[in-house]
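Please keep the 3D view open as you read.

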Amino acid sequence: MKENTTLRWLLFKLAGIFLMMASLAFIYLLAYFYKFYDINSLITLGDIITYNGKVIISLSGMPIFIYMFFFALRTVLNKGITPLKKGTLIGQTWGIFSIFSFALGVVTSFLIPIVLLMLHYTSCHKDKLRVYYVTDPQLCMMIEKK
């Protein structure tokens with residue numbers, strides 16, 4: 001019976017450490033690999049806007065992975081393998097904020113192309129990673145030549 005309890009404790013702690021590493025890896029990869037000039041072009045609203053909805057959704061999902069990291073840290077630091085008895089006020093508030101942030105990001109990523117078309121931007125060249133919106137259709141030819 002003692003070996004079974006020790007094995008369960010070890011697996012429980014390793015699962016928490018794995019969840020912490022996965023959360024940190026996601027945050028690092030998001031910060032390192034995504035091109036944030038897509039968001040910059042949306043803010044400045046120049047003649048050419050590059051848009052990638054996945055960037056908006058990924059950025060809005062970052063608080064969930066921060067929440068998962070601290071939840072896993074709390075389970076690793078907890079004595080034994082008993083479930084956490086009481087949530088903290090900061091954890092509950094951050095959990096609600098992260099779910100609200102992700103939902104808002106998903107809705108926003110679908111609304112941005114509609115708003116851009118209402119602002120008299122024209123959709124042109126689709127790349128594998130982004131869609132280009134321009135104010136003048138002549139600019140599409142310039143983008144396609146690149």
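**From the surface to the rings**

About 10500 Å² of accessible surface belongs to the chain, and carbon and sulfur atoms hold 73% of that area. Accessible areas here come from the Shrake-Rupley method with a 1.4 Å probe, and for residues only the protein chains shown count as cover. A note on the source: this is a predicted model, where local features need pLDDT of at least 70, side-chain atom pairs count only at pLDDT 80 or more, and totals for chains, interfaces and linings use all residues. Residues are numbered from 1 along each chain as its sequence is written, and side-chain values use heavy atoms, with hydrogens and water left out.

Now for the overall form. The C-alpha atoms fill a box of roughly 75 × 30 × 20 Å along the principal axes. The radius of gyration, taken over C-alpha atoms, is 22 Å, whereas a compact globule of 146 residues would be near 15 Å; the globule rule is 2.2 Å times the number of residues to the power 0.38. Of the 146 residues, 29% are buried (under 20% relative accessible area; exposed means over 50%, and partly exposed lies in between, with a 1.4 Å probe and protein chains only).

Along the sequence, the chain reads α-α-β-α-α-β-β-α, with five helices and three strands (DSSP runs numbered from the N terminus: helices are H or I with at least four residues, strands E with at least two). Among contacts (heavy atoms within 4.5 Å) with a separation of 6 or more, 65% join residues 24 or more positions apart.

How many aromatic pairs are there? Rings of Phe, Tyr and Trp (its six-membered ring) pair if their centres lie within 6.5 Å; planes under 30 degrees apart count as stacked, over 60 as edge-to-face and the rest as tilted. By this rule, the count is four. One of them is stacked, because the rings of Phe-26 and Phe-65 have centres 4.0 Å apart and planes at 25 degrees. Phe-26 sits in helix H1 (residues 2-33) and Phe-65 in helix H3 (residues 53-77), so this pair ties together parts 39 residues apart in sequence. Phe-26 is partly exposed at 27% relative accessibility, and Phe-65 is partly exposed at 23%.

Trp-94 and Phe-97 form a tilted pair, 5.2 Å centre to centre with 50 degrees between the planes. Both lie in helix H4 (residues 89-118), three residues apart, about one turn of the helix. Trp-94 counts as partly exposed at 34%, and Phe-97 is partly exposed at 41%.
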